[in-house]
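This report describes one protein structure in terms of its pockets, its cavity and a few selected residues. Please look over the model before reading on.

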Amino acid sequence: MGQRFIWSDREQPLLLPPDLREWLPVDHLAWFVIDAVEQFDLAAFYSAYRADGHGRPAHDPAVMVALFVYAYSVGVRSSRRVERACAEDVAFRVICANRAPDHSTIARFRARHEAALEGLFGQVLGLCAESGLVSVGVVAVDGTKLKADAAKGQTRSYEQIAREIFAEAARIDAEEDERFGDARGDELPPELADRSSRLARLREAKARLEAEQAEKAERHEQRMQARQAKELVDGRRMPGPAPVAPSLAVDPQERVNVTDPDSRMMRSAQGWVQGYNAQVAATAEQIIVAAELTTSSPDQGCLQPMVRTITRELDAAGVTEPIGTVLADSGYWDTAQIEAIISREHCTVLVPPDGETRRAAGKTGHKHDRGLTAFLRRVIDSEAGRALYRRRQGIIEPVFGDLKHNRGADRFSRRGHAACRSELRLLAATHNLLKLHRAALAT
């Protein structure tokens, strides 16, 4: 008797049409994503299309939204990789109903519906709240640096930008003189197109630096007017020297990246990166309840805005439970903000005051410990306080590990603050959806 194998014939035609429902097991993530998208309010997507039936038919927004949600859930964010997966990956083919939109269509949909895609975060958070996965007795806040889609080598100072603009213009003039002589040369050759666009980017970056400097001067003028108005009301001069007005001239060493002008140089654990500071808040169940993007490298000053964002997101998701305790590391220490959170948001804040007291006491002691600083130090030094604060790392660090390591989202795939914020919130939405899927499997 010869060897026996399971018979297979790739040239065997199908006698019956294929049924997509038989391609994946019923508990697969793709089916869960399809069911979840059916619960979403997609009016913001559909409103962008004509209702009179004219024009070339577009891909159904419900299908495209499911495609993006599933792709970001499994760590596929490149439009070309998504296009390839729609032809090669069974789960992607099920999501797209066996159709394969090209990468240009995928990229245009993401850019066109930027605001609507980031709005999915709130809807997914609402689904998590309905499933009982959102408890806000303890909420941890932290920031992580995400690289921009821009190289550090493309960062220029104002002086370098101006110098390169003149050098680029002179080089283009010299090349045109060599090619056209005395002729006018109205029809530029194709090879000069890229140089023209590069010059335009340099001019845009130069204009951005000038606009930022003008905005600083305007903010100073507003502060001075508020100071003068308060002095008139109080009838006395405010203590301390008056703020010095910034010069309207741009500092020659002021720097901006010509590829993504919104991004900034950030100090991270791996050194300096060109990117953004992603602020994330998560519950004890590691459900993200707020995700924002800043261009400020330090976390100080971000705590109160994040608490307000948490409250707004929870209200929109229908969570009525008040926030219990907010945990953050010493980089968030800001006496005024912490006092404002306690008095206005009516929640407890646990932030080590070590950063401020070391600076105030010259790293020699705690002689400046008093009021809120002394109180929080006593709380954290207590056994219960240490146990509570120790939970912070176990709550927030796994969230960053999932985003940056498991799904490879340590760099944005789009450029500009608005586009990157939309991408961050979509990543946060898919993180929560994966948590919801695992909870459904467990039950």
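The second largest pocket holds about 210 Å³ of space. A pocket here is an open set of points on a 1 Å grid over the protein atoms alone, with protein on both sides within 12 Å along at least five of seven lines; a cavity is a set of points where a 1.4 Å probe fits but cannot get out, and lining residues have an atom within 4 Å of a point. Grid points are joined across faces, edges and corners, and a volume is the space filled by probe spheres set on the points.

The model is predicted: local features need pLDDT of at least 70, side-chain atom pairs count only at pLDDT 80 or more, and totals for chains, interfaces and linings use all residues. Residues are numbered from 1 along each chain as its sequence is written, and side-chain values use heavy atoms, with hydrogens and water left out.

**Second largest pocket**

The lining of this pocket consists of K145, L146, K147, S268, Q270, V273, F400, G401, K404, H405 and D410. Strand 1 (138–147) and helix 16 (391–406) are the elements that give two or more residues to this lining. Helix 16 gives the most, with four residues. Helices (H or I, at least four residues) and strands (E, at least two) are DSSP runs, numbered from the N terminus.

The largest pocket is lined by 16 residues, and Y49, R56, P57, A58 and H59 lie nearest its centre. Helix 6 supplies the largest share of that lining, four residues.

The search of the whole structure finds one cavity of 30 Å³ or more. Its lining is made up of Y72, R110, E114, L117, R414, A419, S422, E423 and L426.

The table sets out the volumes and the classes of the lining residues. Ala, Val, Leu, Ile, Met, Phe, Trp, Tyr, Cys and Pro count as nonpolar, Asp, Glu, Lys and Arg as charged, and the others, Gly among them, as polar.

| Space | Volume | Lining residues by class |
|---|---|---|
| Largest pocket | about 480 Å³ | six nonpolar, five polar, five charged |
| Second largest pocket | about 210 Å³ | three nonpolar, four polar, four charged |
| Largest cavity | about 50 Å³ | four nonpolar, one polar, four charged |

**Helix 6**

Helix 6 (residues 103–112) has T105, I106, F109 and R110 as its buried residues. These residues are on the same side of helix 6 because they cover an arc of only 130° around the axis. The arc is that of the directions from the helix axis to the C-beta atoms. An α-helix has 3.6 residues a turn, so residues three or four places apart point the same way. R108 and R112, on the other side of helix 6, are exposed. Buried means under 20% relative accessible area, exposed over 50%, and partly exposed in between (1.4 Å probe, protein chains only).

The buried residues of helix 6 are covered by elements including helix 2 (43–46), helix 3 (61–73), helix 4 (79–88) and helix 7 (114–118). R110, one of these buried residues, is also among the residues that line the largest cavity. At the start of helix 6, a side-chain oxygen of D102 comes to within 3.0 Å of the backbone nitrogen of S104.

**Two residues with positive phi**

N98 is not a glycine, yet has a positive phi of about 65°. N98 sits in the loop between helix 5 (90–95) and helix 6, and is partly exposed at 37% relative accessibility.

Q286, also not a glycine, has a positive phi of about 65°. The place of Q286 is the loop between strand 5 (271–283) and strand 6 (288–294). Q286 is buried, with a relative accessible area of 17%.

N432 belongs to helix 17 and is buried at 0% relative accessibility. Neighbours within four places in sequence aside, N432 is in contact (heavy atoms within 4.5 Å) with F121, V124, L125, C128, Q286, I287 and I288.

**The protein as a whole**

The protein has 17 helices and eight strands. Of its 443 residues, 42% are buried. Among contacts between residues at least 6 apart in sequence, 73% join residues at least 24 apart.

Conventions:
A polar contact is a pair of N or O atoms within 3.5 Å; within protein, one must be able to donate a hydrogen and the other to accept it, and residues adjacent in sequence count only if both atoms are side-chain atoms.
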